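Visitor: Hi! Could you walk me through this one? I'm new to reading structures.
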Amino acid sequence: MKPIKWHLALGMLLSCVAALSNFGLLFVSGWLITSAAVAGLAALAVSQAFNIMLPAAGVRFFAMARILSRYLERIITHDGAFRLTSSLRTAVYALLIPQTPSGLMDKRGGDILGQFVSDTETVSAYYTDAAIPFGRALCCSIVFIGLISCFLPIAGMTLGAALIIAGAIVPIVTYWMSYRLIKQMRFVKSRMQGNLAETLQNLGELLILTIADSSVNNIKQDQLYLDQGKLKLDIIESTARSLITVIMMIVVLLVLFQSISAYRAHLLSAAEIPMLVLGIMAAFDVILPLPAATHAKIKADIAEQQLQASCNHTVADQTEEDLFVSPNAPYDLVMKQVSFSYPQQPSIILDHASLTIKQGEHVAIVGASGMGKSSLINMLFSFYPLQTGSIFLGGVDVKKITCDKLSSFVSVVSQDFHLFSGTIKENLKLINPEVTDKEIKDVLKIVQLDQFVKELLEGIHTFIGNEGVRLSGGQARRLAIAQGLLRKTPWLILDEPTDGLDSQTEQALMQQLMTHYTDQTIVVITHKSEILPLMDRVILLQDGCFHAV
Ligand SMILES: Nc1ncnc2c1ncn2[C@@H]1O[C@H](COP(=O)(O)OP(=O)(O)OP(=O)(O)O)[C@@H](O)[C@H]1O
């Protein structure tokens, strides 16, 4: 973060230099043009050679400084904003990941994606779109008032009062008028993104159920609200800008009258009158972007609140030392007096339940639907806190084992497994890059996919589509099991591994697993009674307790 800070400070400095150069350019040009007009350029050059050369050089200097500083400012500030976005995204990602999935339980995928992409961008844009305009306006205003006061103190005071009204009061009123609307728009935008993501994801089902139209209508309505909101914000912003312009015109007129009076009193030369007037106009150049900057600030404030709310959930209270905690062999699982229910859910999944599974055992967990068999995986990985009791793996409380570490000991093939958009081989290599073609062949044989792959024109190089859409449900599930097997962990948990398989393939798959993985602990969560005889032990989960069958 330290190098970025310097980057951001340099951007702010260059932005101020650009604004001061612009002011200097108009200020000095005003003097030069009028001097030339009043005295006649040739006569002036002859009579006041030094005085004409100096402002002319000043004009060139300020013109060059303005171009150069604006160019450098753009490069530095935008580079700074990109760096800020990337470091913010990294930080948000690092905070979001450990919460999975309990901290994100009340959020939708589209929402999280929207937050990750647009909120981080909006917060970073605070720097270019809000911090720089406000910082520049503050710093430069002090310089402008000081300079104008040197020539005509009353003009400096008039400018000061006007800058306070235009640069502080107008933005405060803009903030007050826009905050609620922007907040509501942020909410509607997030809802629309969520709806859009879900509609696209489930388009097939929505079309079959003929409810796609209502989804599309919801999205259209939200878009309409956003368009109308954008129009209102534009009106507020342009009204505020117009108000600033009106204030500027009034100040210009006032300063003009004050300058003429000062000229008559021989306190000011004729050439200094347009210089002050042009200076006043240039001073307002730093105030005009403030209504837009106010909107950027509101958006960044709201985005920051949302990000903080998302990132502040903490799940496992692990310490730095826990990063080095590892289960010890033998990797037996011991559950002691565990009680568990999901947050804000009345049903009790486990009620002071105890269970031991020894390393190398092949165990089936059965029970009626909704009893909480799959939830055991969430408990093992500490995704949700237990109400009572503890779970130990290899003698270590799983609460102390980081998710990363635990997953190097336990592979889970859940019911909602995930396949990547790529080939069969790529999906397997992604899980274990070291895996050889021979190992791939062997594992495909174990999961009963060898024959199917042999018949494919491109074999293991066949593209399976997003989430494996080009495979049947049973084939996709077996590929997911192959992924789990290639992780080569001491523990393998398979949630409904034979769902969607004919009984012959089911038996062949389970037999292969049982004979090839004798050292591995295999826990199968299942409803299929046909595979139970192949297991060492069957455990029934009923009414929050484990029962031997
Ligand atoms: N993430 C979650 N948040 C809140 N409640 C949940 C969550 N996951 C599951 N549940 C609830 O917990 C209960 C147990 O669900 P679980 O999926 O563990 O049951 P199961 O025995 O595996 O069911 P099935 O055999 O049908 O797969 C259900 O009532 C379910 O609604």
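Visitor: Which residues is serine 69 in contact with, leaving aside its neighbours within four places in sequence?
Guide: In this predicted model, serine 69 is in contact with Leu14, Val17, Ala18 and Ser21.

Visitor: And where does serine 69 sit?
Guide: Serine 69 is part of helix H3. In sequence it is 54 residues from serine 15, yet their C-alpha atoms are 7.1 Å apart in space.

Visitor: Is serine 69 buried or exposed, and why?
Guide: Serine 69 is buried, because it has 21 C-beta neighbours inside 10 Å, and 20 or more is the cut-off.

Visitor: New topic: which residues touch the most other members of the largest nonpolar core?
Guide: They are Phe23, Leu159, Ala166, Ile244, Leu276, Ala283 and Ile287, in a core of 63 residues. Several helices supply at least two residues each, including H1 (2–39), H3 (49–96) and H5 (153–201). The top contributor is H1, with 14 residues.

Visitor: What does leucine 159 touch?
Guide: Not counting residues up to four places away in sequence, leucine 159 touches Phe144, Ile145, Ile148, Val251, Ile280 and Ala283. Another core, of 56 residues, lies apart from the largest one. Among its members are Phe381, Ile424, Ile464 and Ile522.

Visitor: Okay, the ligand. Which residues come nearest?
Guide: Of the 13 residues around the ligand, the nearest are Tyr342, Ser369, Lys373, Ser374 and Ser375.

Visitor: How many residues of each class are in that shell?
Guide: The shell around the ligand has eight polar residues, four nonpolar and one charged.

Definitions and conventions. Residues numbered from 1 in each chain as written. Predicted model: local features only at pLDDT ≥ 70, side-chain atom pairs only at ≥ 80, totals over all residues. Core = buried A, V, L, I, M, F, W, Y, C linked by C-beta atoms within 7 Å. Buried ≥ 20, exposed ≤ 12 C-beta atoms within 10 Å, placed from the backbone. Helix = DSSP H or I, 4+ residues; strand = E, 2+ residues; numbered from the N terminus. Contact = placed C-beta atoms within 7 Å. Near = placed C-beta within 6 Å. Nonpolar A, V, L, I, M, F, W, Y, C, P; charged D, E, K, R; others polar.
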